[in-house]
Amino acid sequence: MLLISERLLRPKEVCQRLGISYSTLSRWVREGRIKAIRTAGGKYRIPESEVRRIIEGIPAGEVRAVVYARVSSSDQKSDLERQVEYLTQYCSARGYRVVDVLSDVASGLKTDRRGLLKLFNYVVSRQVDVVVVTYRDRLTRFGFEYLEYFFKQYGVRIEVVYGDEPKDAHQELVEDLLSIVTSFAGKLYGMRSHRKKRLVEGFKKLVEEVEKGGGESG
C-alpha cells in the first residue's frame with residue numbers, strides 16, 4: 001500500500017475554491033484561521049485538507065484525533081474492545097474530535113498492518129493532529145521513537161495514555177522475540193535447516209527455564 005502525500009495548493013486555487021479574495025486569505029493565514037506552509041522561496045502553500053476543513057465548517061482550534069488499538073491474537077478481542085472504548089472516552093473527555101478508530105489483530109513487529117497503514121495515510125495527508133494509544137507497544141514493538149519523529153514532521157503528536165506496558169504482560173513479548181529468533185535463524189541457516197530448528201528449539205527451552213525459574217523465585 002503506497003502512502004500518498006497531500007497536495008499543497010497555490011493561494012489562487014484556494015481563493016477560487018473558497019470564494020474569497022487574496023487579501024482575505026492572507027489575513028486568515030496571519031490570524032491562524034488557515035494553516036499554511038512556507039516554501040524555500042518564501043511563498044506559502046495551503047494543504048488541501050485545510051480547504052476541506054473550512055468548507056466543512058470545522059473550527060481551526062479543534063483537535064482531530066485517531067484512536068489506535070492493537071492485540072496480537074484473535075482470542076484477545078475483548079481486550080481490543082476495552083482499548084477502543086477507553087480511548088474513545090479519553091478523547092471525549094479531552095475535547096478531541098475522533099476522526100477514526102483503527103485497530104489491528106497482529107504482532108507489533110508486523111509493519112504492514114492494515115490499521116497502521118491507514119494511520120500513516122491520515123498522518124501524511126494532515127487529517128489528524130494527535131494519535132491516541134493505551135501503551136507505546138500497541139503502536140509498535142520496537143522503534144517507537146522513529147514513528148514519533150516521523151509523525152512530528154507532519155505536525156502530529158502521539159499521546160500515550162499509560163506509557164509502557166505492565167511488566168506482567170510478557171507473553172506477547174516472548175512471542176515477538178521468538179519471531180525475531182526464528183527469522184534470523186532462517187536467514188543464517190536456511191528456513192528448513194536442522195541447525196535453524198535446533199536454535200529455535202533451544203531458545204524456546206531457555207524461555208521456559210527462565211519463566212519456570214521466575215515462578216519458583218516468586
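These legends go with a set of close-up views of one predicted model. Residues are numbered from 1 along each chain as its sequence is written, and side-chain values use heavy atoms, with hydrogens and water left out. Because the model is predicted, local features need pLDDT of at least 70 and side-chain atom pairs count only at pLDDT 80 or more, while totals for chains, interfaces and linings use all residues.

**View 1. The whole protein, for orientation.** The protein has nine helices and seven strands (DSSP runs numbered from the N terminus: H or I of at least four residues for helices, E of at least two for strands). Of its 218 residues, 38% count as buried (under 20% relative accessible area; exposed is over 50% and partly exposed lies in between, with a 1.4 Å probe and protein chains only). Take the contacts (heavy atoms within 4.5 Å) between residues at least 6 apart in sequence: 67% of them join residues at least 24 apart.

**View 2. Helices H1 and H2 crossing.** H1 (residues 11-18) and H2 (residues 22-31) have axes that come within 9 Å and cross at roughly 100 degrees. Axes here are lines fitted to C-alpha atoms, for helices over the stretch in contact, and angles run from 0 to 180 degrees between N-to-C directions. The pair is therefore roughly perpendicular (65 to 115 degrees; under 35 is roughly parallel, over 145 roughly antiparallel, and the rest oblique). H1 brings Pro 11, Val 14, Cys 15 and Leu 18 to the contact, and H2 brings Tyr 22, Leu 25 and Trp 28. Sorted by class, that's seven nonpolar, no polar and no charged residues (Ala, Val, Leu, Ile, Met, Phe, Trp, Tyr, Cys and Pro are nonpolar; Asp, Glu, Lys and Arg are charged; the others, Gly among them, are polar).

View 3. Look for Phe 151: leaving out residues up to four places away in sequence, it touches Leu 119, Phe 120, Val 123, Val 131, Leu 139, Val 156 and Ile 158.

**View 4. Helix H5 and its surroundings.** Nine of the 11 residues of H5 are buried, so the helix is largely enclosed by the rest of the structure. Those buried residues pack against E4, strand E5 (97-105), E6, helix H6 (136-139) and H7. H5 and H7 pack at about 35 degrees, with axes 10 Å apart. Leu 119, Phe 120, Val 123 and Val 124 of H5 meet Leu 147, Phe 150 and Phe 151 of H7, which splits into seven nonpolar, no polar and no charged residues. After H5 comes Arg 126, with a positive phi near 55 degrees.

**View 5. Asp 129 in its loop.** Asp 129 sits in the loop between H5 and E6 and counts as buried, at 12% relative accessibility. Not counting residues up to four places away in sequence, Asp 129 touches Lys 35, Glu 62, Val 63, Arg 64, Gly 155, Val 156 and Arg 157.

**View 6. Tyr 162 on strand E7.** Tyr 162 belongs to E7 (residues 157-163) and is partly exposed, with a relative accessible area of 43%. The C-alpha atoms of Tyr 162 and Thr 134 are separated by 5.5 Å, though the two residues are 28 apart along the chain.
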